[in-house]
Amino acid sequence: MMAINQGKQAEQTGQAADAAKANVDQTAEQGRQFADAARDGVNKLANLQEQAAQNTKQIVQRSVETASQQAREVAERFTKTLGFTGEDSERLARQSKQNLEAVARCGTVLTQAFQDASRSWFGLAQSQWQRNLEGLNKLTRAKSVQEFAAIQSELARENLQHIVQDSRAITETSARAVEEASKAFASVAQAPTLVR
């Protein structure tokens, strides 16, 4: 009788182990499917972001061109209205041209910096997604609670480390863009004042 009970208990334990393994395999497969779907979604978002960045660049360039043209027209009307002629008119025209060129250069630099930062953030988000999915796969393969906890703490540390590195890279890119924009204005500010 005891042998029959032990046999039934062993059979039940085996069935439970098989069911647990099947559950783990199913969870891992669902994790892979989720990872594939998420990867496809991220790729589609990347394409949309690139298109939005191009559209933004075109809009800003058109706005800068329109503003420059309008400023030239206003300067011409202003000089005609006030009666500036000859040397004074040429000085005003040169100064206006330099100012408009500085604004255009600054606008171009800042637009490019905005696009670069957007691309960087999106690329970083995409990388983070990939790392999270890989981490999820690692967690599904854990064979014990202790291994699960060790993997989870390692993933948390790595994620924080990546956030710090990624933030530093974006900050450096933004600082370079601000420096370039400052140079555009500094070149005009250092020029002798042309209006008396």
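**Reading burial, contacts and a surface patch**

Q: Which residues form a nonpolar patch on the surface?
A: Leu160, Ile163 and Val164 form this patch, with about 280 Å² of accessible area together. Patches are made of residues with over 30% relative accessible area and no salt bridge; like charges are joined within 9 Å, nonpolar side chains (Val, Leu, Ile, Met, Phe, Trp, Tyr) within 5 Å. A salt bridge is a side-chain nitrogen of Lys or Arg within 4 Å of a carboxyl oxygen of Asp or Glu. Areas follow the Shrake-Rupley method with a 1.4 Å probe; for residues, only the protein chains shown count as cover.

Q: On what basis are these features assigned?
A: The model is predicted: local features need pLDDT of at least 70, side-chain atom pairs count only at pLDDT 80 or more, and totals for chains, interfaces and linings use all residues. Residues are numbered from 1 along each chain as its sequence is written, and side-chain values use heavy atoms, without hydrogens and water.

Q: Is Thr111 buried or exposed?
A: Buried means under 20% relative accessible area, exposed over 50%, partly exposed in between (1.4 Å probe, protein chains only). Thr111 has 9%, so Thr111 is buried. By contrast, Ile163 is partly exposed because its relative accessibility is 48%.

Q: What does the side chain of Gln128 make a polar contact with?
A: A polar contact is a pair of N or O atoms within 3.5 Å; within protein, one must be able to donate a hydrogen and the other to accept it, and residues adjacent in sequence count only if both atoms are side-chain atoms. The partner of Gln128 is the side chain of Asn159, at 2.7 Å. Gln128 is itself buried, at 16%.
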